[in-house]
Amino acid sequence: MAIGMRVDGWLPGWLKRGVLSDHLILWLSVAYVLGMAPWATGFVSVSNAQTILAYLLPVLVVSVGLTLVLIIGGIDLSVTSIIALASVLGAKVMSGEDGWMAGNALAVPVGVLVMLAVGLGLGAVNGFTVAVCRIPAFIATLTTMMFVSGFAIWVTLSRKIGGLPAGFVMLGQNLWVATVMAVAVTWLAHGFLSRTLYGRWFYAVGQNARAALVSGVPVGRVTFWTYVASGGFAGLSAILFTAGLETGNPEMARDNLLDVVGAVVIGGTSLYGGRGRVLGTVFGVLFLALVDNSLNLVGLTFYTITMVKGGVILGAALLDTARTRILARTG
Amino acid sequence: MRNTWPGAGGSCLAESITRRSRLLAAVVGLGVLVVGGGCGRAPESTPEGGGKRLTIGVNFETLQTEYWVAGFEAIRSELKKRGIDVVDSIADGDSSRQLQQIRTFITRKVDGIIFVPKDARTCIPAIKAANEAGIPVVLFNRPAAETEGVRSVAIVADNRKLTRETVSFMVEQARQSGRKHKAMVVVGDLGDANAIGRRDGFYDAVKGNEEVVEVVSEVPSEWNQEKARSGVVNGLQAHPDISFIFTSSDFLFPAIVAALKSANKYHKVGTPGHVILGGFDGDATAYQMLEEGYLDATGVQDVYFEAEQSVQAVLDLLAGKEVPALILDPGFVIHQGNLHDLKDRMWGARVMGR
């Protein structure tokens, strides 16, 4: 309460409105771009926009899936390992070097379907263990992560798979195509959550699953399909990651889990469930990508970047906390 | 048709959009700020015009081991010695981040790029992007997979040859002991060409010497200390009579030494129960083990040679000279017999000295 009281007390009206806005992280992003532009050479440029987008899109897609899971009060630690397995299995189908369908005209569509199927299938496994077997989501998805990570390395013997067809690589490297795919699924998820009854069920389950059940919400089904969706988003993200790097990689996105969770939480989604928005996640992912990119452009050392990035994220989190407290106090 | 994006039209787009909401305007505004650079300021080039100073981008996949830190510092120092400006970044083991960082160098219009790829495959889009921008690319210590139309120069240790020489020295030590040794080899990430070269060099050296050295255990470390340690512990339990161990990188020695100590098999060279130990890299741990008499030999990568060659290759490419696609660092084997003479050339010894 202390932070909220202090901020509420001395902030000018326009700034207070900004802090209280649902789009706080977006305003921060705008302010960040304006503030960094004079210092980061090339930050405001076409080629840099391409760089940021190419990096941001696959992270955005998997983050949207995780947003759904967090809103129902769950967690999915397996998303990055799902990306890794989908990456290598899809690449094994399509690779022109020693792929299972090398040279076949249907290799790309089949490979893409395999990647999506891996995501949806493993999401269904997570959904089943959480919703039906009642295993805590943390444990269920942790074990999926461990098994799937190991399987991805075993199935490839740690080797990266290259020789992917141009038709597939285009999906990640042509920014028009990648952007349309990412925006389409993000928009769908946003519309689903904010404009449909089913979307309301997600929040109800996250706020109080027992109360939701009593009110007639099919909590089990909602939980199951949320994890399926999260797996599906991870599969789509795997397509963007793999096409962008032209490589099926059993370690793909291995180190991205904290970035993804960080972006979703910075975007205003609660780790305790019941609160969050897809649009907030979009802003969170954008904000982190801008910070990462600009600090590289400024030419800071690796160690400094890590420390500054941590500080900036902490600052954003503190602002969000202040906002939440002011809102709670003012009703 | 790679990386196509209609950046120049961003501001015009913003003008034509009806303001449905403040949010939409804000999103578009941000897009204009970032994407619409084509109508505004152009990215700056290097600071000086005319006889301008060169700027080279240096990107490392990781700084997690002493070898990479030493290489990173050696390249920066070599560039500064030649009056060249440096911009640098570290990918922290993430291929996607590395691609973004190389593109960031291109945005900054650096004159050349020296980088350590995460692996041989995932670096291809980054090299392609630099090729398309006309920026010369030199890969430090890790080559890219051969790909049509992708141009780069790699400076790498002759992993296979140097490992063969190191392990041949160890085999000779084994022969002089007058008995047969059971051997373990700790291999790296087999997606890494360096790891494959070192594994192959090991088998080159033991082949034909089976009467002296019999390989009974191959431990996959994936360049991970914990995996190396558990693998070595398991190997020693399955074969308690192992008395010959080669690791594909010195940075795994702490894990191996811990496993040997717990099996009560860590003894100095020339004392009863000594396990013949060899490695690759020449890091500070290996130097200390050599000084203390526990390590028989290690193959030393000449970091300073590789750094000097990397910088020279970029300058030669900028001058339009022919540069071979692969430049090999012959390295050298350091052991108890030549430690005094060669330690000044061992980068690990210099690190210890600092």
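Between chain B and chain A, 10 residue pairs are in polar contact, both residues of each pair being at pLDDT 80 or more. The model is predicted.

**The side of chain B that touches chain A**
- Four elements of chain B each supply at least two residues to this side: helix 2 (22-35), strand 2 (85-90), helix 4 (95-107) and helix 5 (124-132).
- Helix 4 of chain B gives the most, with nine residues.
- Sorted by class, the side of chain B that touches chain A holds 16 charged, 15 polar and 19 nonpolar residues.

**Extent of the interface**
- Chain A brings 61 residues to the contact, and chain B brings 50 residues.
- The size of an interface is often expressed as the accessible area that is lost when the parts come together.
- For chain B and chain A the buried area is about 4,900 Å², and carbon and sulfur atoms give 57% of this area.

**Salt bridges**
- Side chains of opposite charge can pair when their charged atoms come close.
- Over all chains, the count comes to 27 salt bridges.
- Seven salt bridges are found across the interface of chain B and chain A.
- In one salt bridge, the side chain of B:Lys128 meets that of A:Glu246, at 2.9 Å from N to O.
- Within chain B, B:Arg76 and B:Asp88 form a salt bridge in which the closest N and O atoms are 2.2 Å apart.
- B:Arg76 belongs to helix 3 (residues 66-81) of chain B and B:Asp88 to strand 2 of chain B, so this pair ties together parts that lie 12 residues apart in sequence.

**Chain A: overall form**
- The secondary structure of chain A consists of 15 helices and zero strands.
- The C-alpha trace of chain A spans about 65 × 55 × 35 Å along its principal axes.

**Chain A: a pair of helices**
- Two packed helices are described by the distance between their axes and the angle between them.
- Helix 9 (residues 175-195) and helix 14 (residues 278-298) of chain A have axes that come within 8 Å and cross at roughly 140°.
- Helix 9 of chain A makes the contact through A:Thr186, A:Ala189, A:His190 and A:Leu193, while helix 14 of chain A uses A:Val278, A:Leu279 and A:Val282.
- By class, the contact of these helices has five nonpolar residues, two polar residues and no charged residues.

Technical notes:
Residues are numbered from 1 along each chain as its sequence is written. Chains are lettered from A and ligands numbered from 1 in the order in which they are written. This is a predicted model: local features need pLDDT of at least 70, side-chain atom pairs count only at pLDDT 80 or more; totals for chains, interfaces and linings use all residues. Side-chain values use heavy atoms; hydrogens and water are left out. Contact means heavy atoms within 4.5 Å. Buried area is the accessible area (1.4 Å probe) that two parts lose on being put together, summed over both. A salt bridge is a side-chain nitrogen of Lys or Arg within 4 Å of a carboxyl oxygen of Asp or Glu. A polar contact is a pair of N or O atoms within 3.5 Å; within protein, one must be able to donate a hydrogen and the other to accept it, and residues adjacent in sequence count only if both atoms are side-chain atoms. Ala, Val, Leu, Ile, Met, Phe, Trp, Tyr, Cys and Pro count as nonpolar, Asp, Glu, Lys and Arg as charged, and the others, Gly among them, as polar. Axes are lines fitted to C-alpha atoms, for helices over the stretch in contact, and angles run from 0 to 180 degrees between N-to-C directions.
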